[in-house]
Amino acid sequence: MDRRAFLQFLGALGLVTASGSLWPMQAGAAKPDLDVELQAIQDSLSVFPGEKTDIWRFAGKVLQGDPNQLQQLEESWLGPIFRLRTGQRVRIRFKNRIPQESIVHWHGLHVAPANDGHPRLAVLPGEEYVYEFTVTNRAGTYWYHPHPHGLTGTQVYGGMAGLFVVSDEEEQALGLPTGDRDLPLVIQDRTFSPTNDLVYLRSPMERMNGFLGNRIMINGQADPTFDVQEGPYRLRLLNGSNSRIYRLAWSDGRNLEIIATDGGLLESPWSVPDIMLGPGERVDLWVDFAGSSQETPIALQSLPFTPGSGHMGMMSSRVSPPLGAGFELARFQVRRTGRTRTSPPQRLARLERLDPAEAVNRDNPKRFFLTMNHMQPTINGRTFDMTEVAPDEMVRLGSTEIWEFINQGSMMAMPHPMHIHGLSFQVIGRFGGPGYRFLDRGWKDTVLVMPGERVAVIMRFADHKGLYLYHCHNLEHEDLGMMRNYLVRS
Ligand code: C2O
Ligand code: CU
Ligand code: CU
């Protein structure tokens, strides 16, 4: 469909305003609780001793509202942490000051298409884009990053990403750890040149596999050790890597106490020895360091795993640990105070469960085959097109559907972390594959689909009409076009 036909088509669905704008802004809305300027800028940072590292990053400033709702991070390429409460209204004036087109996507937030950062909305260097929306999500750890087509990997790798933390009354009533005891850990892998420059994509092979760096960076810092006290902590982990997957575990053999996933708190804590964390996914851990040794810091580590027989990650192993290698992520040096170990509250939050019987397509789920053939990743054999929507990518506002992501029968089997914009979903089935432990509980917006697997998710298109994206969150795959539109229509 060409652009004019597409606009006519959207017009027929009532999605285009009389002025021809595909992205009507809600006019006359209430004054925002928080008004922020968010610039994408070129900068340099002392990441290692010696030469500074050139980066791109988000710089934020509160124009109106509580300055504490935008937490600046020192010595990090990460953007400021937004802290919003459910029901608050935010205006964000994005200014693009990098030498590429860009646009910001609020990953996990249920915003209208005009606020969702579709690549069609990308603005040129020097231009601006104003977002304005009410936060409707439940309490949870969300994030933001650029989304211009073909450039997302480059810009995120350069440093453009940040957390968007939402709280609500239900969460506040639990008395979970706050302040210094609410610790964000954004995990990214990077490769640096001998002069401390970021090194990205040296070969087409690396692009096809997804970029793997040779250093783990936590909140933009290498080899961090966190000085911690005894008593409870909430660790908010985001896998902000372009393509690396982690299999999280504690080094002292204790279980991970999972209290939240992408879309916020679980009903009750989930205690597991290890968990897979794919790009784009978040997991909140409860941990109390009481009773741990002072001599040996506790490490959060990634255990080895097999990424699938067809994965070509070994090809890059000369420069970076291959996908599935084991290593340490971060250390925690514990200061003794003699307290006994506490455990998380046993009841966390109410969780609505979507019922597969209510799905309009329960007998015939939408099926999306994920393939990598001749170095081109596709979804049902298709690649991204700015305007195109296939018949199986249209849904009705208010309906509930089951979608299946099928990572089987590809010439080259590799993991695909699948992400859907504009909503949260629930995982209702996982079949085949290597049988690791996945973050399949609670509300999700990204789900890891390993080679040989078929994963079924259920979701309700409850909020907005219009054009959204779904894609692989391996950012090199996304940039290669492993991304598609879906359209919510009345
Ligand atoms: Cu975090 Cu469309 O992505
Ligand atoms: Cu997203
Ligand atoms: Cu992929």
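Trainee: What is the order of the strands in the open sheet of 5 strands?

Mentor: Keep in mind that this is a predicted model. The order in that sheet is E3-E4-E9-E8-E6, and the pairing is mixed.

Trainee: What makes strand E3 and strand E6 edge strands?

Mentor: Count partners. Strand E3 (70-71) and strand E6 (104-107) each have a single partner strand, so one side of each has no neighbour in the sheet. That is why they stand at the edges.

Trainee: How do you know that strand E4 and strand E9 are joined, and which way do they run?

Mentor: A pair needs at least two bridges. Strand E4 (residues 81-85) and strand E9 (residues 162-167) have 4 bridges, so they pass, and they run parallel. To find the spot on screen, look for Leu84, which stands opposite Val166 in E9.

Trainee: Now for single residues. Why is Asn219 called buried?

Mentor: The cut-off for buried is 20 or more other C-beta atoms within 10 Å. Asn219 has 22 C-beta neighbours inside 10 Å, so it counts as buried. You'll find Asn219 in the loop between strand E12 (215-218) and strand E13 (221-222).

Trainee: And Asp223, is that buried or exposed?

Mentor: Exposed means 12 or fewer. Asp223 has 12 other C-beta atoms within 10 Å, so Asp223 is exposed. Asp223 lies in the loop between E13 and strand E14 (225-229).

Trainee: How do you know that domain 1 touches domain 2?

Mentor: The domain assignment gives domain 1 (31-171), domain 2 (179-335) and domain 3 (356-489). A contact needs C-beta atoms within 7 Å, and 29 residues of domain 1 are in contact with 25 residues of domain 2.

Trainee: Which element gives the largest share of the side of domain 1 that touches domain 2?

Mentor: That's H2, with 4 residues. Strand E2 (53-64), strand E8 (140-146) and helix H2 (152-157) each supply at least two residues of that side.

Trainee: How do the residues of that side divide?

Mentor: They divide into 12 nonpolar, 11 polar and 6 charged.

Key:
Residues are numbered from 1 along each chain as its sequence is written. Chains are lettered from A and ligands numbered from 1 in the order in which they are written. This is a predicted model: local features need pLDDT of at least 70, side-chain atom pairs count only at pLDDT 80 or more; totals for chains, interfaces and linings use all residues. Domain bounds come from an automatic or database domain assignment. Two residues are in contact if their C-beta atoms, placed from the backbone, lie within 7 Å. Ala, Val, Leu, Ile, Met, Phe, Trp, Tyr, Cys and Pro count as nonpolar, Asp, Glu, Lys and Arg as charged, and the others, Gly among them, as polar.
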